[in-house]
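Dear colleague,

Please find below the structure that I am handing over to you. I would be grateful if you could look through it alongside the notes in this message.

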Amino acid sequence: MSLKHDIEFTLNGVKRRVQVDVTMNALAMLRDVIGLTGTKYGCGEGECGACTIQVDGVSLNSCLMFAVDCDGREVTTIEGLANDPQADALRDAFVEHGAVQCGFCTPGMVMQADHILHKHEHPDEGCVKRGLEGNLCRCTGYKKIVDAVVACGATEK
Amino acid sequence: MTELKHYYAPTSLDQAVECLKDGDVTILAGGTDLTPQSQAGRIKFKHTLMNIRHIPQLSGITLEGDEIRIGALATITEIMEHPLVKQHLPVLVEACDHFASDQIRNAGTIGGNICNASPAGDTLIPLLVLDARVELASMPEDKLYRHSMPLSTFFVGPGKTRKSLCELVTGVRIPVPAANHVARFYKLGTRPALDISTISIGVAGCLNGGVLSQVRVAFGAVAPTPVRAEQTEQALEGKPLDAATIEKAAAIARDEVHPIDDVRASAWYRKEMIHNITKRILGHVAQA
Amino acid sequence: MNTVAEKKHRVIEPDSLIGKRIRKMDAPEKASGRTRYIHDINLSGQLHGKILRSARIHALIKSIDTSAARALPGVHVVITAADIPDQRPIGVAKDHFPLKVGRVRSQRDEIAAVAAESEEIAEAALKLIKVEYEDLPVIGDPEDAIKPGAVLIHPEPHGADGTHMHLKQGMSIAHKGKPDNIAMRFDYSHGDVVKGEAESDVVIEDTFKLHYVTHCCMGVSGMIAEFDASGNVLMYSNTQVPFLHKREFAEYLNIDPARIRIIQPPIGGGFGSKLDIYPFEVICLYLARAAKRPVKMLFTREEEFLASPTRQPVLLTLRSGCKKDGTLTFRQVHTLHDNGAYTSWGATTPFVMMQTFSSLYRVPHCDYHTAAVYTNNPYAGSFRGYGNLQATFAIEQHMDMLAQSIGMDPLEFRMKNAQDAGEVTGQGMSFKSCGFKDCIRTAAQRSDFSHKFGENQANQKAPGTVKRGIGMASMLHVGGGAKIYPSDGCGTILKMDDFANVTLITGASEIGQGSETVLSQLVCEELGLPISAVTVVNNDTAITPWDVGVHASRTTFIAGNSAIGAAKKAKAKILAVAAKKFEIAEDYLDLRGGFVIKADSGEAVIELSKLLRNLHFQDKAELVMTTFYYEPPSVHQDKGFKGDVSAAYAWGTQVVEVEVDTETGIVKLIKVTGAHDVGRVLNRLGIEGQIEGGVVMGQGYAFTEDLMIENGRMKNPNFRDYKLVTAPEIPEMDIAFIESMDGEGPQGAKGVGEAPAICMAAAAANAIANATGVRLFELPFTPEKVYRALHGKTPKLYWKPWKAE
Ligand SMILES: Cc1cc2nc3c(=O)[nH]c(=O)nc-3n(C[C@H](O)[C@H](O)[C@H](O)COP(=O)(O)OP(=O)(O)OC[C@H]3O[C@@H](n4cnc5c(N)ncnc54)[C@H](O)[C@@H]3O)c2cc1C
Ligand code: FES
Ligand code: FES
């Protein structure tokens with residue numbers, strides 16, 4: 001039926017090879033082909049950020065990316081942040097500041113926040129809010145998420 | 001419609017335009033338009049899906065003579081952070097800052113924004129007022145052929161351009177503005193970004209002792225394509241930017257556009273905003 | 001090594017978890033992406049279910065041809081109403097079938113369903129199903145639904161010869177239809193509004209229009225259904241009411257409720273959306289039953305918009321009056337609710353609305369009428385705040401307008417009419433604890449309300465395009481459950497192991513609001529244990545004791561009291577044993593810091609874990625395992641809707657500050673100052689999060705969210721055009737808590753889950769009026785709507801009060 005293609009890329013530090021449908025997006029590949037479910041589907045249209053991953057060091061919406069386009073690239077998902085000390089601090093900040101309620105937006109928020117903290121030494125509130133503008137959260141009202149990221153940036157490095 | 005048969009990721013421009021020869025190719029750049037459009041069935045794939053992201057000739061931002069060339073693959077983030085753009089084209093940085101979200105700015109390319117040809121495309125308005133030209137490449141016979149055309153003549157309708165099916169956009173070229181050049185961009189909305197423009201406005205020109213010349217005015221989301229507002233430009237050309245001129249130009253602008261009603265706003269409101277914001281921006285320009 | 005002797009002399013200082021900032025117990029898992037939501041669970045052998053929805057808004061189904069779909073490789077089951085002859089009507093008024101029979105009444109209507117090897121195949125199969133329709137006239141406006149001769153949405157069936165079939169009384173609407181489009185009506189009154197009006201110096205009347213919004217839980221709806229070899233059902237579901245739904249699902253499947261087990265995986269947001277049973281859940285069960293395989297069904301985001309419940313849109317005319325001295329005299333209210341095509345909990349929001357009209361401020365005379373009418377629009381469900389946002393929007397604008405018309409300061413006017421503890425309202429609500437005036441005073445002081453109000457008013461006509469405004473609104477909501485079912489109770493099982501760890505088994509589901517953490521806190525407070533000692537089990541009907549469900553801001557209050565009750569029993573049991581063992585009177589003992597201590601000195605008597613081990617390793621082993629069932633002392637309303645339905649009531653005041661750009665109509669929300677009577681703060685971190693989240697949800701309701709329905713068709717089923725508030729748009733928030741220490745509440749606390757969203761739209765309207773002198777009667781305050789109003793382009797809304805006969 002649908003056209004398949006073999007790709008090879010680095011996922012969370014480990015090289016791997018997978019066969020994907022050419023029309024499939026990276027989100028579906030991660031969740032359904034590879035079985036990593038930390039990256040979430042919230043809209044499939046780039047509007048919610050629940051599917052945020054990092055590719056070659058920048059954050060992207062995996063739902064807006066063709067899976068085949070992962071070929072040769074370095075992809076990090078929320079699962080890949082497990083062994084990263086800066087990410088540990090960020091996760092702790094989320095927990096400590098009450099930035100998590102239902103938690104559905106949280107993996108995407110953490111991935112994007114991690115990207116913000118890599119880009120900006122000590123981001124202020126305004127910078128964090130703008131940085132998170134592509135991540136929707138229906139529960140928290142964002143304030144505690146922003147607080148967590150700002151606090152993490154203030155103590156880090 | 002043919003069914004998707006091939007996936008191809010060329011590593012040179014020659015390979016790419018060669019592949020484009022039969023015109024039965026869907027081009028993939030950042031994918032931020034193509035992914036949702038294809039997944040929702042709004043576009044059908046052609047015979048081949050060609051990923052152009054591995055073509056070196058399409059990237060980079062460089063100063064070439066008195067022009068700045070932005071490669072088609074330059075992402076919105078790269079553009080807004082690039083020193084050349086920051087220095088010479090602050091109005092483009094401004095527009096990029098109102099573009100989608102960080103994640104999409106990291107993925108979306110200027111070539112994609114141009115080829116998607118949305119009437120609300122955010123880089124298109126500053127590019128229009130900056131007199132940008134679109135660079136195109138193709139392979140009519142066996143040789144690479146490159147040419148360019150003014151962006152102002154490139155768009156023909158929503159999602160439709162004068163680019164042929166065999167052509168690839170390789171970049172945009174923007175003349176380096178003169179020292180007394182001023183340019184402004186405004187996108188109407190309640191969010192800083194991640195919002196499709198209800199209307200957007202770009203104004204540019206050279207300011208000499210309070211007089212504006214080489215005036216460029218462009219509007220987004222008021223017509224099937226982003227448009228230059230020639231009557232408004234004429235009303236401003238060579239005139240001192242005083243309150244009377246500004247009011248007159250704003251009124252002409254309102255009459256010049258013919259927007260539609262949609263879920264985001266009514267035509268009436270769009271016209272009102274064209275008037276009010278044109279006036280507001282011109283006021284800012286007058287003070288520059 | 002510690003010896004018992006050493007420990008005996010250790011003094012354990014008193015400590016309390018109440019009011020602290022306690023981390024949410026499930027947060028670490030969630031922050032690392034490990035939590036498995038329903039979307040992340042896959043069972044071996046599972047099939048994927050998809051639903052074919054109507055292509056028409058209102059039509060007769062002439063034929064359905066599923067043959068091509070059935071023939072598609074990978075398709076296991078295709079069902080339509082014809083395949084399920086035993087379908088039972090579902091919904092609050094039992095007015096539709098999961099798979100529609102003969103007629104579709106809205107865009108979301110379910111016509112057929114497929115279970116296939118993959119989602120792609122299921123979707124491809126849907127495209128192969130051919131349906132022939134015969135269009136019927138569409139009712140897209142509730143005002144049209146009540147016009148004489150209006151098309152009936154649920155017409156009474158007629159025989160083949162056209163004669164009326166006169167079906168039996170007891171049958172449901174899905175079978176016997178309805179002779180009019182009135183789905184439900186509510187008529188309430190206390191006092192005598194005619195007298196009230198006669199006593200008034202000022203009377204005003206306005207119409208308010210409230211729009212469609214929807215929950216937009218970040219996790220889309222879904223479920224997994226599986227039948228075992230004996231026909232027992234296992235459901236993975238995000239229902240907020242597992243125990244009641246167990247019985248209902250059993251009815252739809254025609255099996256014994258004992259054979260249904262519901263497991264609730266962590267939920268990606270609730271907000272009231274999972275209070276009813278929706279067609280997709282029953283259809284998923286039908287598919288699993290037919291396929292004899294587990295079937296997983298997940299919505300797409302578009303489907304989530306199209307086929308989820310909405311908040312109830314309301315057209316409302318309010319007439320109210322006061323005396324020159326500022327005493328409120330009466331309120332008379334008529335509302336028309338757009339019920340949509342079917343009846344879900346949205347139709348019953350008047351239960352809450354009438355409470356607000358009758359009892360938010362002292363109202364001597366009140367007369368309230370609602371008709372919820374059938375249309376071809378999406379149907380409304382329950383949504384955080386449950387009618388209260390709509391009611392408060394009207395009332396609090398009128399409070400400002402009445403104050404203005406008698407030349408009284410709006411703050412003074414409110415204080416004059418606000419109630420105190422001990423008062424009983426005309427509707428019979430008894431305010432045992434009441435921080436209403438404290439809320440108003442605190443919010444006003446912290447925001448410098450009076451000063452800014454005057455300044456902004458003076459500035460209305462001054463030059464400048466950007467105007468500042470400040471506005472206030474207050475709310476009253478049930479805070480101690482709501483007795484709408486025969487019981488409003490919750491059960492707890494508590495067990496302690498050898499290491500003094502507690503397993504708290506509660507009927508109360510966690511829907512992201514942090515109930516697990518609060519319940520653990522309450523238990524630890526009784527048992528003198530750290531929060532890490534508790535494991536909460538709350539997600540499996542085969543294990544957990546009964547609970548009515550998560551709604552009406554009741555979980556902290558009801559489940560909290562239940563957990564405390566169980567913990568108290570465990571404590572008594574432990575202390576009795578310790579007393580016997582150490583020959584100290586029980587009254588002199590207490591639990592603290594993981595020890596049994598002497599209550600007066602704090603001196604450790606024995607480590608609790610050790611005592612528990614002693615108990616277990618004996619001939620007659622004793623287990624510390626207790627159960628408790630809490631039923632609040634609230635009562636059912638009588639036929640006239642009167643009665644003290646909640647064990648406690650929550651209050652709150654919010655002050656909203658805005659900047660209005662008069663050239664664009666863009667209103668920027670600058671700051672929200674809130675004061676909430678929460679009884680007592682249990683987990684400060686958690687309650688702040690609830691309030692902030694609610695404020696921003698209220699902001700969305702007031703400014704950005706608008707589910708546009710045109711003639712029954714949804715125009716913006718996506719986040720691109722249905723705009724949730726994003727991070728850069730949030731206001732500065734200053735939230736204060738008023739601790740009125742409710743006598744019945746757990747540690748004095750009251751429920752507040754729904755409270756924070758309620759006042760926002762009303763306060764925002766008042767703020768815009770303060771900024772510009774222009775009042776907005778219709779939500780949401782989008783730039784265009786505000787701009788039109790400011791430029792006199794908004795015709796005055798008027799809906800003539802109408803009452804169902
Ligand atoms: C949630 C969301 C928000 C958005 N917000 C904005 C916004 O605020 N402002 C805005 O302007 N846009 C916005 N967009 C649209 C989109 O991100 C931009 O248009 C982006 O620039 C497209 O670039 P891309 O590289 O991702 O294009 P792709 O999706 O890869 O391609 C877009 C189209 O252009 C064609 N194409 C791409 N490159 C070339 C080339 N070099 N030569 C020939 N054809 C080519 C493709 O075939 C395709 O038809 C948004 C999109 C989403 C999903
Ligand atoms: S799922 Fe990718 S942005 Fe929503
Ligand atoms: S925590 Fe629920 S969506 Fe963000």
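Predicted model: local features only at pLDDT ≥ 70, side-chain atom pairs only at ≥ 80, totals over all residues.

The predictor assigns the complex an ipTM of 0.97 and a pTM of 0.97. For chain C, the mean pLDDT is 94, and 98% of the residues of this chain reach 70 or more.

I turn now to the interface of chain C and chain B. Here 19 residues of chain C are in contact with 19 residues of chain B. The two chains bury about 1800 Å² between them, and 56% of that area is on carbon and sulfur atoms. Five salt bridges are counted between chain C and chain B. One of the pairs linked in this way is R191(B) with E729(C), whose closest N and O atoms are 3.4 Å apart. On the side of chain C that touches chain B, helix α21 (residues 783-790) of chain C gives the most, with four residues. Sorted by class, that side of chain C comprises six nonpolar, three polar and 10 charged residues.

Within chain C, helix α13 (residues 410-417) also deserves a note. Six of its eight residues are buried, so helix α13 of chain C is largely enclosed by the rest of the structure. The buried residues in α13(C) are P410(C), L411(C), F413(C), R414(C), M415(C) and N417(C). The N-terminal end of α13(C) is capped by D409(C), which places a side-chain oxygen 3.1 Å from the backbone nitrogen of L411(C).

Finally, I would draw your attention to a lysine of chain A, K144(A), which lies in helix α5 (residues 143-155). Is K144(A) buried or exposed? Its relative accessible area is 3%, and because buried means under 20%, K144(A) counts as buried. Leaving aside residues up to four places away in sequence, K144(A) touches H97(A), G98(A) and A99(A) in chain A. In chain C, K144(A) touches R21(C), L685(C), E688(C), G689(C) and E692(C). With E692(C) there is also a polar contact, made between the two side chains at 3.2 Å.

Yours sincerely

Note on methods: Residues numbered from 1 in each chain as written. Chains lettered and ligands numbered in written order. Heavy atoms only, no water. Helix = DSSP H or I, 4+ residues; strand = E, 2+ residues; numbered from the N terminus. Buried < 20%, exposed > 50% of the residue type's maximum accessible area, 1.4 Å probe, protein only. Polar contact = N/O pair within 3.5 Å; in protein donor to acceptor, adjacent residues only side chain to side chain. Contact = heavy atoms within 4.5 Å. Buried area = accessible area lost by both parts, 1.4 Å probe. Salt bridge = Lys/Arg side-chain N within 4 Å of Asp/Glu carboxyl O. Nonpolar A, V, L, I, M, F, W, Y, C, P; charged D, E, K, R; others polar. pLDDT = per-residue confidence, 0-100.
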